Amino acid sequence: MSEPLFLKSLMHDKIWGGTKLREVFGYDIPTETTGEYWAISAHPNGISVVANGQFEGRQLDELYRNEPTLFGHPKEKVFPLLTKILDANDWLSVQVHPDDAYGLEHEGELGKTECWYVIAADEGAEIIYGHNAKSKAELRQMIEEKDWEHLLTRIPVKAGDFFYVPSGTMHAIGKGILILETQQSSDTTYRVYDFDRKDAQGNLRELHIEKSIDVLNIGEPENSVPATLELHHLRTTCLVSNQFFTVYKWEVEGLVQMRRVAPYLLLSVIDGQGSLLVDNKLYNLQKGSHLILPHTISEWEFDGNLEMIVSHPNNVR
Ligand code: ZN
């Protein structure tokens with residue numbers, strides 16, 4: 001029997017978090033400063049658990065290792081992607097992530113290329129995306145002089161925007177933004193600047209200036225150009241496709257029949273309501289549902305009004 005894998009996952013308290021994960025998605029949040037929901041994750045810092053069917057209660061990392069047929073007998077040893085929803089009630093630190101080579105050498109884990117789909121943004125909300133230094137020497141000088149105003153590139157954002165954030169890109173999600181992030185399964189972050197903020201215990205969070213300068217790219221970040229295809233009752237937008245992952249936005253209105261074109265899919269419902277039909281069994285989909293369509297499902301049907309962010313890994317390693 002083939003079944004979708006609906007997931008239950010962990011919330012993470014953050015200095016910059018808020019309450020939108022409850023207000024917008026109806027999740028149970030542990031604190032009033034909940035910043036991240038690791039919605040589809042096999043990373044040791046927050047592992048999803050299957051919530052339905054014959055694999056109920058199984059952890060995604062263990063399932064990936066021991067049930068390779070569900071994932072099309074993948075080459076990668078660890079589940080390669082991580083889907084998060086972030087509620088930035090305040091600025092996240094200005095940061096950068098290493099690529100795979102640097103991450104493996106210095107942290108013992110893969111690097112992190114990520115991307116953001118903006119679910120909601122307050123009026124006037126901004127992100128930091130890239131920097132203005134023309135060389136590593138100028139970058140070092142501006143960081144040492146704390147010339148953040150001239151160094152950091154601020155960009156206004158609104159709901160529906162998409163940003164591709166390859167490893168080596170200077171970035172920060174700004175106050176008042178709710179984002180779905182698709183990323184390599186990694187938790188390595190180098191902080192460049194944290195707005196001189198102190199946590200509840202009065203401590204500054206650690207910065208990682210030397211490693212940041214090592215891995216920061218010079219030059220403007222290369223955002224992706226989304227491409228939309230209008231099909232019968234389905235608008236599909238390819239948001240980005242690179243060596244690590246492909247990410248789509250699917251907007252369903254009515255009945256849509258689909259066939260699998262990747263080994264497996266990660267699926268997050270960000271708006272609307274509807275159903276998923278697999279093997280004559282109907283599953284309810286609602287805003288906030290997160291699931292994996294495993295390799296054992298080759299065709300399915302959506303019905304309803306659904307807005308989803310869908311991704312799959314790309315095998316190059
Ligand atoms: Zn990041």
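Setting aside neighbours within four places in sequence, Asn 52 makes contact with Pro 4, Leu 5, Phe 6 and Tyr 283. In this predicted model, Asn 52 occupies the loop that runs between strand S4 (49-50) and helix H2 (60-66), and its side chain reaches the backbone oxygen of Pro 4 at 3.1 Å. Because its relative accessibility is 14%, below the 20% limit, Asn 52 counts as buried.

**Domains and their contact**

The domain assignment of the protein gives domain 1 (5-215) and domain 2 (227-313), and the contact between them takes 33 residues from domain 1 and 31 residues from domain 2. The C-alpha centres of the two domains lie 23 Å apart. About 2600 Å² of area is buried between domain 1 and domain 2, and carbon and sulfur atoms give 75% of that area. On the side of domain 1, the residues that lose the most area to domain 2 are Phe 6, Leu 81 and Tyr 117, which together make up 23% of what that side buries. Phe 6 is also one of the residues in contact with Asn 52.

**The zinc site**

Which residues donate to the zinc ion? The protein donors are Gln 95 through OE1, His 97 through NE2, Glu 114 through OE and His 171 through NE2, and they lie 2.1 to 2.6 Å from the ion. Along the chain these donors follow the spacing Q-x1-H-x16-E-x56-H. Gln 95 belongs to strand S6 (residues 94-96) and His 171 to strand S11 (residues 171-172), so this pair ties together parts of the chain that are 76 residues apart in sequence. Both Gln 95 and His 171 are buried.

Why is the arrangement of the 4 donor atoms around the zinc ion called irregular? The angles that they subtend run from 73 to 151°, which makes the arrangement irregular; a tetrahedral assignment would require all angles to lie between 85 and 135 degrees.

Trp 16 is found in strand S2 (residues 10-18), and with a relative accessible area of 3% it is buried. Trp 16 and Leu 86 are separated by 70 residues in sequence, while their C-alpha atoms are 9.9 Å apart in space. Beyond neighbours within four places in sequence, the contacts of Trp 16 include Gly 35 and Glu 36, Leu 86, Asp 87 and Ala 88, as well as Arg 197 and Arg 205.

**Loop residues**

Most residues other than glycine have a negative phi. Phi of His 73, however, is near 50°, a positive value, and phi of Phe 195 is likewise positive, near 60°. His 73 is located in the loop between H2 and strand S5 (81-88), whereas Phe 195 is located in the loop between S13 and H6. His 208 also has its place in the loop between strand S13 (190-193) and helix H6 (209-215), and, not counting residues up to four places away in sequence, His 208 touches Thr 189, Tyr 190 and Arg 191.

| Residue | Relative accessible area | Class |
|---|---|---|
| His 73 | 55% | exposed |
| Phe 195 | 23% | partly exposed |
| His 208 | 19% | buried |

His 208, at 19%, falls under the 20% limit and is therefore classed as buried, while Phe 195, at 23%, is partly exposed.

Methods:
Residues are numbered from 1 along each chain as its sequence is written. This is a predicted model: local features need pLDDT of at least 70, side-chain atom pairs count only at pLDDT 80 or more; totals for chains, interfaces and linings use all residues. Side-chain values use heavy atoms; hydrogens and water are left out. Donors are N, O and S atoms within 2.8 Å of the metal (3.2 Å for Na, K and Ca); water is not among the atoms, so sites may look incomplete. Four donors count as tetrahedral if all angles lie between 85 and 135 degrees; four count as square planar and six as octahedral if opposite donors are over 155 degrees apart and all others between 65 and 115; anything else is irregular. Helices (H or I, at least four residues) and strands (E, at least two) are DSSP runs, numbered from the N terminus. Buried means under 20% relative accessible area, exposed over 50%, partly exposed in between (1.4 Å probe, protein chains only). A polar contact is a pair of N or O atoms within 3.5 Å; within protein, one must be able to donate a hydrogen and the other to accept it, and residues adjacent in sequence count only if both atoms are side-chain atoms. Contact means heavy atoms within 4.5 Å. Domain bounds come from an automatic or database domain assignment. Buried area is the accessible area (1.4 Å probe) that two parts lose on being put together, summed over both.
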